[in-house]
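The following exercises are to be worked with the sequence and the coordinates at hand. Each task is followed by a solution in steps.

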Amino acid sequence: EEIAEHAGYGQATVFFHFKTKAGLLEACLDEALSRAKANLVPAENSGTIDLIQRLDRAFDNSTTADFFARMLVEFGDNSTIRAVYADVHEHLRQLIAAELTRETGVEGRRAYLAAASILAMMVGIHAEQRLELTRFTRSDFREMLIEVTRLVLSDLKKPAGTGP
């Protein structure tokens, strides 16, 4: 009802086009996914820190990020929602892993796991900043993310198996 009203159409028109609420939701998710991926194209050889800062800004107060977060909270057990959300995260891991490989020369599983670690920190930071409004500023959260990224980069630059 809200969507039809906001779009300037009657509810019957919206249901005629999308058939069900699930059809409407899936169309919204597909559009949000396309927009998110289009906005997450890395700059050529910009460096991992720059990429992480740009990704962080892209999801900072982003309506697309808010939409995905809300969908995950409300419909997290829905296989369609989970698949779309997982696709976005895989796209991000691949972007980060490619930049880590370019910057450090580390390839394969090691770069992918490092990218997954950075992404997990980013997701955690964005979730935490929605909850923690008194102890840390947005700047503090951004600094934490960049520091973790620096630590991961430093670790990847060491020969494999030399420890932390």
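Helices are DSSP runs of H or I with at least four residues, numbered from the N terminus. By this convention K157 is placed in helix α8. The model is predicted.

**Exercise 1. The overall fold**

Task: State how many helices and strands the protein chain has, and what share of its residues counts as buried.

Solution. 
Step 1. The protein chain contains eight helices and zero strands.
Step 2. Read from the N terminus, its elements follow the order α-α-α-α-α-α-α-α.
Step 3. The protein chain has 164 residues, of which 32% count as buried.
Step 4. Among contacts in the protein chain with a separation of 6 or more, 61% join residues 24 or more positions apart.

**Exercise 2. Helix α7 and its buried residues**

Task: Determine what length α7 reaches, which of its residues are buried, and which helices these residues pack against.

Solution. 
Step 1. Helix α7 covers residues 108-131, which is 24 residues. From first C-alpha to last it reaches 35 Å, close to the 34 Å expected at 1.5 Å a residue.
Step 2. The buried residues in α7 are A111, A114, A115, I118, L119, M122, I125, H126 and Q129.
Step 3. An α-helix has 3.6 residues a turn, so residues three or four places apart point the same way. The buried list for α7 may be read with this in mind, including A111, A114, A115 and I118.
Step 4. The partners of these buried residues are α4 (48-58), α6 (79-104) and α8 (138-157).

**Exercise 3. A histidine in α6**

Task: Decide whether H89 is buried or exposed, and find which residues it contacts beyond its neighbours within four places in sequence.

Solution. 
Step 1. H89 lies in helix α6.
Step 2. The cut-off for a buried residue is under 20% relative accessible area. The relative accessibility of H89 is 14%, so H89 counts as buried.
Step 3. Once neighbours within four places in sequence are set aside, H89 is in contact with L119 and V123. L119 is itself one of the buried residues of α7.

**Exercise 4. The packing of α4 with α6**

Task: Classify the arrangement of α4 and α6 from the angle between them, and list the residues in contact.

Solution. 
Step 1. Two packed helices are described by the angle between their axes and the distance between the axes.
Step 2. For α4 and α6 the angle is about 160° and the axes are 9 Å apart.
Step 3. Angles over 145 degrees count as roughly antiparallel. The two helices α4 and α6 are therefore roughly antiparallel to each other, and their crossing is right-handed.
Step 4. On α4 the contact involves T48, L51, I52 and L55, and on α6 it involves L92, L95, I96, E99, L100 and E103.
Step 5. Sorted by class, the contact of α4 with α6 has seven nonpolar, one polar and two charged residues.

**Exercise 5. The packing of α4 with α8**

Task: Describe at what angle α4 and α8 pack, and how the residues of their contact divide by class.

Solution. 
Step 1. The angle between α4 and α8 is about 150°, and their axes are 10 Å apart.
Step 2. The crossing of α4 with α8 is right-handed.
Step 3. The contact is formed by T48, I49, I52, Q53, D56 and R57 of α4 with R138, R142, L145, I146, T149, R150 and L153 of α8.
Step 4. The residues of this contact comprise five nonpolar, three polar and five charged.

**Exercise 6. The packing of α6 with α8, and K157**

Solution. 
Step 1. The crossing of α6 and α8 is right-handed.
Step 2. L100, E103 and T104 of α6 meet L153, L156 and K157 of α8 in this contact.
Step 3. By class, the contact of α6 with α8 has three nonpolar, one polar and two charged residues.
Step 4. K157 has a relative accessible area of 53% and is therefore exposed.
Step 5. K157 and V106 are 51 residues apart in sequence, and their C-alpha atoms are 7.9 Å apart in space.

**Exercise 7. A positive phi**

Task: Find where K19 is placed and what its phi value is near.

Solution. 
Step 1. K19 belongs to the loop between α2 (11-18) and α3 (21-39).
Step 2. Its phi is near 70°, a positive value in a residue other than glycine.
Step 3. With a relative accessible area of 59%, K19 is exposed.

Definitions and conventions
Residues numbered from 1 in each chain as written. Predicted model: local features only at pLDDT ≥ 70, side-chain atom pairs only at ≥ 80, totals over all residues. Heavy atoms only, no water. Expected span 1.5 Å × (residues − 1). Buried < 20%, exposed > 50% of the residue type's maximum accessible area, 1.4 Å probe, protein only. Contact = heavy atoms within 4.5 Å. Left-handed = near helix turned anticlockwise from the far one by under 90°. Nonpolar A, V, L, I, M, F, W, Y, C, P; charged D, E, K, R; others polar. Axes fitted to C-alpha atoms, helices over the stretch in contact; angles between N-to-C directions. Parallel < 35°, antiparallel > 145°, perpendicular 65-115°, else oblique.
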